[in-house]
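Trainee: I am new to this structure and would like to go through it with you. Could we look at it together?

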Amino acid sequence: MEQCLKKPKLDTSIKEGETEILVNNANVFYNPVQEFNRDLGVAALTAFIKDIQEQKTERNTKKEDGITVLEALSATGLRSIRYAKEVKGIKQIVANDICAKAVESIKKNIQHNGVENLVKPSHEDATLLMYQSRKNKFDVIDLDPYGCPTIFLDGAVQCVSDGGLLMITATDMAVLAGNSPETCFLKYGAISLRSKACHEMALRILLQSIASHAGRYGRYIIPLLSISVDFYIRVFVKVFSSHIKCKENATKIGMVYQCTGCESINTQPLCYKKSTGGYKLTSSPYVDQLCKICQHKQHEGGPIWLGPLHDEYFVNNLLCNLDNIKLGTFKRMVGVLNVIREELNVPLYYALDRLMSIVRCVTPPMLIFRSALLNAGYRVSYSHACKTSIKTDAPNEVIWDIVRAWEKNNSVKRDKLSNDSPAIKILNAPTTTNISFDIHPLANPISRLNKLTRFQQNPTVNWGPGTRARTRIDLENGVESSKKIKNQNKNSRKEKAHITNDTEEIKSL
Ligand SMILES: [Zn+2]
């Protein structure tokens, strides 16, 4: 306690949750826009620990002394210190960074926050540290790199305990969203496609990469929560050991086909499981060379994760626990998690405005389009990743039947459409489904009725993953500046240009 009274002399400080971080040079990475990301880490870790404690109580093998956590790329130590102060049931957290200046900062912040008993600083190459920890595994590993996390995955899947948790962020969204599929293949082992569903595709590419790495060591993953927010994606997955279960990867991972004309999506797993046991190959090609809907060519992407993105039980637990945790981004978190809770377990989605722009037709209200799907006997939900998303188990043919039915009352001038355009092929095709646009009682989701903050507008000033440590964190203006960034001021054209620059920068990495 005496040590705390003697605070080191530093330029400025940042407060987040119950933690105060000292910053005295411009070489340490701190991104205030990521408060939501760190809040989510606190909430997820709390729910994870609560769950294993309850399970262990049932088995009478309760681990009294708590769990171990590795933050492999710790930078300021903020995240580790927040875990130490805000999450109960942790035995030790290792806050590691390869940069000597960052480790100095971590040490000062541990002392400043009085968490020496829980947080241990470490100055090591993250990969090496994880390989060295294969015998004494961690229960939780948090990887929050700048850009792509895949170079750390081989170590991470080996040094997390059985039933342990990986929390992994990726910020190289341009690569994951189809801007350079060849780079995505190098980094993630999958071809990304330009698609309105690119944010979910990014999540599924990352999950596929984690599952593939885990499979090499006889381990398999269960995604608890997969989230796309702002400029990054973050997944929370449990890792288990089983040489039999990990073979199911081939049924949970598959290819994705997207039409170059109407953008209709089809997915196919790499293998099917036989009812008698064993696996069988799928027949190929899965889709016709020309799209059934609009007679245009198809693009093939993937492989991507086709299994569930979230675990219903975990998401419910997370929401139930939120009231017991003090979080700066509480309101947003409740909104996003409620949308996630309503999400259908169906790969990818369409964007309503894009569907209608393909046929050059005015866009119907979301409520009307969702009602038409429900009236036709199918399920529909939003995706948390897109405000205009239509996630449904309806076949592509039914979706286009609805578009055609809407166009009948909102007609498009055919003479302005070229004969080989997807629009003319779609609009001139016969409709086979009976479509009703009567409002369906379930068309308005509960999260919308409750007026939750379901889709956050993009944060703007300094929006993006920032740049690597050394050049980022300009805290010359002190706390006020960081507050301004955190409050995420409204857009301006200039700021939008800044976003583009950020994205381009990631692309070039
Ligand atoms: Zn098509």
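Predicted model: local features only at pLDDT ≥ 70, side-chain atom pairs only at ≥ 80, totals over all residues.

Trainee: What spacing do the donors of the zinc ion follow along the chain?

Mentor: Residues are numbered from 1 along each chain as its sequence is written, and side-chain values use heavy atoms, with hydrogens and water left out. Donors are N, O and S atoms within 2.8 Å of the metal (3.2 Å for Na, K and Ca), and water is not among the atoms, so sites may look incomplete. Here the protein donors are the SG atoms of Cys259, Cys262, Cys291 and Cys294, at 2.2 to 2.3 Å from the zinc ion, and their spacing is C-x2-C-x28-C-x2-C.

Trainee: Which geometry does the site of the zinc ion have?

Mentor: Four donors count as tetrahedral if all angles lie between 85 and 135 degrees. Among the 4 donor atoms of the zinc ion the angles are 95 to 119 degrees, so by that definition the site is tetrahedral.

Trainee: Is Cys294 buried or exposed?

Mentor: Buried means under 20% relative accessible area, exposed over 50%, and partly exposed in between (1.4 Å probe, protein chains only). Cys291 has 5% and counts as buried. Cys294 has 0% relative accessibility, so Cys294 is buried.

Trainee: How many disulfides does a search of the whole structure find?

Mentor: A disulfide is a pair of cysteine sulfur atoms within 2.5 Å. Take Cys198: its closest cysteine sulfur is in Cys386, 8.6 Å away, so that pair is too far apart for a bond. The search of the whole structure gives a count of 0.

Trainee: Why do the buried residues of α8 line one face of the helix?

Mentor: Helices (H or I, at least four residues) and strands (E, at least two) are DSSP runs, numbered from the N terminus. In α8, residues 181-188, the buried residues are Thr183, Cys184 and Tyr188. On the other side of α8, Glu182 and Leu186 are exposed. The buried residues line one face because, seen down the axis of α8, the directions from the axis to their C-beta atoms fall within an arc of 105 degrees.

Trainee: In what order do the 3 strands of the open sheet come?

Mentor: Two strands pair if DSSP finds at least two bridges between them. β15 and β17 (residues 386-392) pair in the antiparallel sense over 2 bridges, with Ala351 opposite Ser389 in β17. The edge strands, each pairing on one side only, are β15 (350-351) and β16 (380-383). The order is therefore β15-β17-β16.

Methods: Tetrahedral: all angles 85-135°; square planar, octahedral: opposite > 155°, others 65-115°.
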